[in-house]
Amino acid sequence: AGDKDSLSLPGGSGGEWPPDWIERDGVRALLVFGALVIAACTPGGAANQGAAKSAPAVPNRVLSIAVRTEGESLAAKALSNAGINIIPSTPFNAGLVYHDAADVPHAELASELPQLNSDTWRVLPDGRMETTYRLKPNLAWHDGQPLTAEDFGFAFRVYSTPALGTAASSTPINQIEQVVAVDVGTILMRWKSAFADAGDLQAGKFQALPRHLLEEPFANLAPDAFAAHPFWTAQYVGLGPYRVTRWDRGVFLEAEAFDRFVRGRPRIDRIKVMAIPDPNVVLTNLLAGDVQATDSAALSFEQGWTLKKEWESQAAGTVEFNRGSIRRQENQFHPERANPAAILDIRVRRALAHTMDKQSISDALFQGLDAHADTLPNPALDYYSEIDRSLTKYPFDPTRSEQLMREAGYSRGTDGFFQSSTEGKLNFETEILSGSENEAVMSIMASTWRKAGFEITETVLPAAMVSDRELRAHFRTMFTSDTGDLPALGTAGIPTPGNRWTGSNRGSWSNPTYDGIVARWEGNLDRAERNGLMVDLARIYSEDLPSTPIYYRVTATPHHACLTGPSDGVADLHLWQWTC
């Protein structure tokens, strides 16, 4: 994640849109807030270009932002991932490190990045490590209190407390042995073993917490009470470009520019974030000018396409379509859940993959845009060609699918569906969370599978089930989702009661060779060697098919004509400004 890519509309568009209508990807950037900033020229109507041209500059205007749903906290590093922090955390937080549009790390709160084999990053003879971060001078929390190295030491004590949630078992918290404040501005981190990202601690990985506000409640409150403390929501105090002034849960959040933000005071003074779950309502508000920004989940591709046509016809703004997370079909491997047991046969999984018409899915969802995916790593990686050459691919081929099913001992019955003399007719189930795009994908896949001889039951789960991790791990055959990356999908990533069902490997796939490569990847500090190990992971994953990559989700990012900022859509909300 985080590397750039580009998508283009295939031939036959009639020249309606220029070839570069889809800009560079920025998977990580889509998850952060700055990429989502847009603005309307007048409070009364974003589509009114005449009004936009005549509108005077209003430096104190409020930038109104729509998000699909609220999350549990504004913290970049949540205590628990039981829910999803939908409100983007970037405007309210800062880390020791941040990434630019090209995904290159830079020092943020730190004065410089730790350098391997120097006094700031030492590998010890026993395999453990030490990294040292030195803070920039005169850093402050939103309430004006100074940021110190002790705030990082305190944060580690909080996040490493298992009773407070899943943060203790998450990376990199579970890799850290100790965080020591050497002095007021120097942080010494001791690591249990080699960890390649030890010099790249963004806020979402490990953030400071205000010891002056939380030390007393942390010492005196029960874990549940501490996790419910209003600091995490309405009373949040962070280090980012915006300071929370009001949060009415379920209604809106208001924030104002923080003068002492480490990368400079924001140029837009105030923002307002509103939870609007219906994308059609979001579109209506954008066209009316009542909302001027969205997160990546607020608009579907369909609404984004409509907004593009409306805005561009009036030169009122542009909408970029960006390649985001990968949708994949997970297969069930748990012996007590897999039903039919045929899904445990690699020939059956491959047969199903050969009858997945990824191009038809892209055409149906994205106006002919080819967004199909062959693997989980991003094609924009500088070594992706090596990954691509290693893959076992499954082009749409119903004939090959039937050959594989016959090799596995199954033939078509009089009704056209696969069966065997011992198991009878196979009945596969595909599950998906509700949503227009999700349900369209399931319908296309199920239709194609049935034509190829697979009896399919389609199950749609309520969207609220997104937070029911145990239920989502108990699908019986297949489940379509967009979570997980290759290193997270080994045996350690299997959801269990012991890890509170938090793993991304919901199908319970386990491969000892794969696990060994993951362990070597996690402990390797050499970039070229790590890249080679990632190639090996992608190869094994494609051969064994724990899941089948389907397509990249395409998200809409609108940019109104009256707003300027980084064109790549990075986490730099403080640099955006009104121009009319």
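Over which ring does the charged end of Arg412 sit? I looked, and the ring belongs to Phe418, with its centre 5.6 Å from that charged end. For me, a charge sits over a ring if NZ of Lys or CZ of Arg is within 6 Å of the ring centre and within 35 degrees of the ring normal. Arg263 does this too: its charged end sits over the ring of Tyr98, 3.7 Å from the centre.

A note on what I am working with: this is a predicted model, where local features need pLDDT of at least 70 and side-chain atom pairs count only at pLDDT 80 or more, while totals for chains, interfaces and linings use all residues. I number residues from 1 along each chain as its sequence is written, and side-chain values use heavy atoms, with hydrogens and water left out.

**Ring pairs**

Next I looked up aromatic pairs. Rings of Phe, Tyr and Trp (its six-membered ring) pair if their centres lie within 6.5 Å; planes under 30 degrees apart count as stacked, over 60 as edge-to-face and the rest as tilted. The count came to 18 aromatic pairs. I picked Phe154 and Phe218: their ring centres are 5.7 Å apart and their planes stand at 90°, so I noted the pair as edge-to-face. Phe154 lies in helix H3 (residues 149-159) and Phe218 in helix H4 (residues 211-220), so this pair ties together parts that are 64 residues apart in sequence. Helices (H or I, at least four residues) and strands (E, at least two) are DSSP runs, numbered from the N terminus.

Buried means under 20% relative accessible area, exposed over 50%, and partly exposed in between (1.4 Å probe, protein chains only).

I then checked Phe231 and Tyr236, whose ring centres are 5.1 Å apart with planes at 40°, so the pair is tilted. Phe231 is buried at 2%, and Tyr236 is buried at 3%. Ring pairs link Phe154, Phe218, Phe226, Phe231, Trp232 and Tyr236 into a cluster.

Most residues other than glycine have a negative phi, and most peptide bonds are trans. I found a cis bond from Thr171 to Pro172, with omega near 10°; Pro172 is in the loop between H3 and strand E6 (176-183). Another cis bond joins Asn339 and Pro340, with omega about 5°.

Ser508 has a positive phi, near 60°. I located Ser508 in the loop between strand E18 (478-481) and helix H14 (512-523), and it is buried at 11%.
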